[in-house]
Amino acid sequence: MIKKYYNDAPQYCHYFFNLLQSDNIIDELKRSSVITTDCLNLLNENNENLRYKENKWSVKEVIKHIIDCERVYSYRSFRFSHFDATELAGFDENFYIEKAKILEYSIHDLKEEYLAIRTSTIALFKGMSNEMLDFKGVANNVSFTARTLGFMTIGHNIHHIEFIKKMYLNLEQ
């Protein structure tokens, strides 16, 4: 179902697209929000700063990364859905995490921030027509549509939550 949109995004996105169950962005945003909230509810002060390996991000840093990326992808989607052909810059996810002062965040803070961003993302995509969803723009020297950025937002979120469950919390999927 989502394969029909492969040509609207770079190949590295296809893995993330394949983590979705349908091409309904709103339903998939809601579904991945439940998956994420369920995972966040498993976190506490005993496991929130876990690292599965030295020099890898902590659980809280991964959650913050999901939030940061959703913000960036939503902004890009907003611009493209408004037929803005201005080329958009990339971003350095490691720099963002380095500057986040993550130890000051609690899991509760991150959960609230995630839910606020997700609610905003759902509202953004609810207002898009097919024409808006399918306008192509360029971000980080690569062509996307608002629709494929929506798929990327969802798949990226699911990927990292499943990774937290497996590598940090040792939960079988």
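This is a predicted model: local features need pLDDT of at least 70, side-chain atom pairs count only at pLDDT 80 or more; totals for chains, interfaces and linings use all residues.
Q: Fine. How many residues does helix H7 have, and what length does it reach?
A: Helix H7 covers residues 146–168, which is 23 residues, and reaches 32 Å from its first C-alpha to its last. That is close to the 33 Å expected at 1.5 Å a residue; the expected span is 1.5 Å times one less than the number of residues. Helices here are DSSP runs of H or I with at least four residues, strands are runs of E with at least two, and both are numbered from the N terminus.

Q: Is H7 mostly covered or mostly open?
A: H7 is mostly covered, with 18 of its 23 residues buried. Buried means under 20% relative accessible area, exposed means over 50%, and partly exposed lies in between (1.4 Å probe, protein chains only).

Q: What follows H7?
A: Asn170 follows, and its phi is positive, near 55°. Asn170 is a residue other than glycine, and it is exposed, with a relative accessible area of 61%.

Q: Changing topic: how many salt bridges are there in the whole structure?
A: A search of the whole structure finds 13. A salt bridge is a side-chain nitrogen of Lys or Arg within 4 Å of a carboxyl oxygen of Asp or Glu.

Q: Which residue does Lys136 pair with?
A: Lys136 forms a salt bridge with Asp8, and their closest N and O atoms are 3.3 Å apart. The pair links distant parts of the chain, 128 residues apart: Lys136 is in strand S1 (residues 136–139), and Asp8 is in the segment before helix H1 (14–17). Lys136 is partly exposed at 41% relative accessible area, whereas Asp8 is buried at 17%.

Q: And what about Glu61?
A: The side chain of Glu61 meets that of Arg51 in a salt bridge of 3.1 Å, N to O. Glu61 lies in helix H3 (residues 59–81), while Arg51 lies in the loop between helix H2 (25–40) and H3. Glu61 is buried, with a relative accessible area of 10%, and Arg51 is partly exposed, at 45%.

Q: Which residue meets Glu113?
A: Lys64 does, in a salt bridge of 2.9 Å, N to O. Glu113 is in helix H5 (residues 107–126) and Lys64 in helix H3, so this pair ties together parts that are 49 residues apart in sequence. Glu113 counts as buried at 15% relative accessibility, and Lys64 counts as buried at 6%. Salt bridges with shared partners join Lys64, Asp68, Arg71 and Glu113 into one network.

Q: Back to S1. How does it run relative to strand S2?
A: S1 and S2 (residues 142–145) run antiparallel and are joined by 4 bridges; two strands pair if DSSP finds at least two bridges between them. Lys136 stands opposite Thr145 in S2.

Q: What lies between the two strands?
A: They form a hairpin with 2 residues between them, and Asn140 in the turn has a positive phi of about 55°. Asn141 lies in the loop between S1 and S2, has a phi near 70°, and counts as exposed at 65% relative accessibility.

Q: Now the interior. Where is Arg118, and what does it touch?
A: Arg118 is found in helix H5 and is buried, with a relative accessible area of 1%. Leaving aside neighbours within four places in sequence, Arg118 is in contact (heavy atoms within 4.5 Å) with Leu29, Ser32, Ser33, Glu70, Thr153 and Asn157.

Q: How many residues are in the largest nonpolar core?
A: That core has 30 residues, and those with the most contacts inside it are Phe17, Ile25, Phe125, Met128, Phe144 and Phe151. The largest share, 6 residues, comes from H7. A nonpolar core is a set of buried Ala, Val, Leu, Ile, Met, Phe, Trp, Tyr and Cys residues joined through side-chain atoms within 4.5 Å.

Note on methods. Residues are numbered from 1 along each chain as its sequence is written. Side-chain values use heavy atoms; hydrogens and water are left out.
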